[in-house]
Amino acid sequence: PHAELVERPPITQEELAATIADFDALLVRSRPKVTAEVLAAGGQGRLKVVGRAGVGVDNIDVNAATQAGVTVVNAPTGNTVAAAEHAVALLLALARRIPQAHASVQAGEWKRSQFMGTVMRSKRLGLVGLGRIASLVAERAQAFDMEVVAHDPYVSAEYAANQGVQLLSLDDLLATADFISIHVPGTDQTRGMFNAERLSRCKAGVRIVNCARGNVIDEGALVEALNSGHVAGAALDVYAQEPPVGSPLIGHPKVVLTPHIAGSTHEAQRQVAIDVAEQVAAVLAGHPARYAIN
Ligand code: MLT
């Protein structure tokens with residue numbers, strides 16, 4: 001009740017840096033880049049907290065925030081179901097080429113033999129990362145009788161086994177998975193994780209889903225692997241550059257693309273908004289935040 005809310009979705013980076021010092025809190029999704037410049041300007045003014053309405057904080061320079069004395073909070077749970085459901089939707093879309101078949105019928109065609117699918121039952125799904133979203137994907141994939149394996153250096157074999165998931169080395173996962181779904185954050189460690197070399201180590205005919213962060217995949221290398229047929233299909237919700245203007249992925253017959261909407265359901269957006277708003281209010285009132293990043 002004591003806050004004045006200024007809503008400026010189309011703000012430019014320059015406007016953000018120029019005006020941020022007048023605000024106590026900044027709430028963002030993924031588009032604005034909360035750079036060292038923005039945070040330094042904010043920290044010299046009134047800015048005390050940045051709330052990220054979502055999980056990934058790769059658009060926020062967290063170290064610069066810490067230096068500027070600005071708390072960063074995120075909403076790591078509110079959109080996990082939405083993201084997991086989208087990843088499963090993309091797995092199904094790839095297996096049955098639903099978007100391509102839809103476009104074909106819409107164009108007045110009837111090419112049944114061109115849209116022969118692949119079954120998911122008994123296929124091996126490799127989850128790269130076994131955090132909150134991946135665990136929900138595992139549960140849903142198991143309902144399709146898929147065999148679910150994962151690679152995650154930060155979880156124990158016991159934690160994975162409790163979910164009916166076998167932990168593998170990344171090499172073993174790549175060599176044996178029929179489907180791969182990526183669930184790692186966008187960090188310096190994961191940038192380019194799926195480069196030409198790793199893609200070549202994947203099982204021939206693999207189908208890859210990425211609802212995590214775009215720069216985890218080298219998109220040029222992916223296009224080459226799709227063109228050679230080594231990768232049978234890829235479904236992407238995230239891109240190295242968003243929107244992926246001029247990317248060779250656009251129009252490629254073996255890809256399914258969505259515009260970074262995995263977390264975009266009415267329910268999820270409402271929940272992440274509540275989660276960050278509550279935390280921002282708590283920080284401004286001098287209380288600790290539930291999900292402080294720094
Ligand atoms: C997230 O990090 O929560 C998702 O990518 C969705 C979003 O960016 O809002």
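Analyst: Happy to! Two strands pair if DSSP finds at least two bridges between them; helices (H or I, at least four residues) and strands (E, at least two) are DSSP runs numbered from the N terminus. This is a predicted model, in which local features need pLDDT of at least 70 and side-chain atom pairs count only at pLDDT 80 or more, while totals for chains, interfaces and linings use all residues. Residues are numbered from 1 along each chain as its sequence is written, and side-chain values use heavy atoms, with hydrogens and water left out.

User: Which residue stands opposite R124?

Analyst: Strand β4 covers residues 124–128 and pairs with β5, residues 147–151, through five bridges in the parallel sense. The residue of β5 that stands opposite R124 is E147.

User: Why is one side of β1 and of β3 left without a neighbour in the sheet?

Analyst: The other open sheet runs β1-β2-β3, again with parallel pairing. β1 (25–28) and β3 (71–74) are left without a neighbour on one side because each stands at an edge, with a single partner strand.

User: What is the bridge partner of L26 in β2?

Analyst: β1 and β2 (residues 49–52) are joined by four bridges in the parallel sense. Within β2, L26 has as its bridge partner V50.

User: What is the N to O distance in the salt bridge of D24 and R46?

Analyst: A salt bridge is a side-chain nitrogen of Lys or Arg within 4 Å of a carboxyl oxygen of Asp or Glu, and by this rule there are twelve. D24 sits in the loop between α1 (13–19) and β1, and R46 in the loop between α2 (36–44) and β2, so the pair, 22 residues apart, links distant parts of the chain. Side chains of opposite charge can pair when their charged atoms come close. For D24 and R46, the N to O distance is 2.7 Å.

User: What is the omega of the peptide bond from E242 to P243?

Analyst: P243 belongs to the loop between β9 (231–236) and β10 (255–257). Most residues other than glycine have a negative phi, and most peptide bonds are trans. The bond from E242 to P243 is cis, with omega near -5°.

User: And what is the phi of R97?

Analyst: R97 lies in the loop between α4 (80–96) and α5 (98–106). Its phi is positive although R97 is a residue other than glycine, with a value near 50°.
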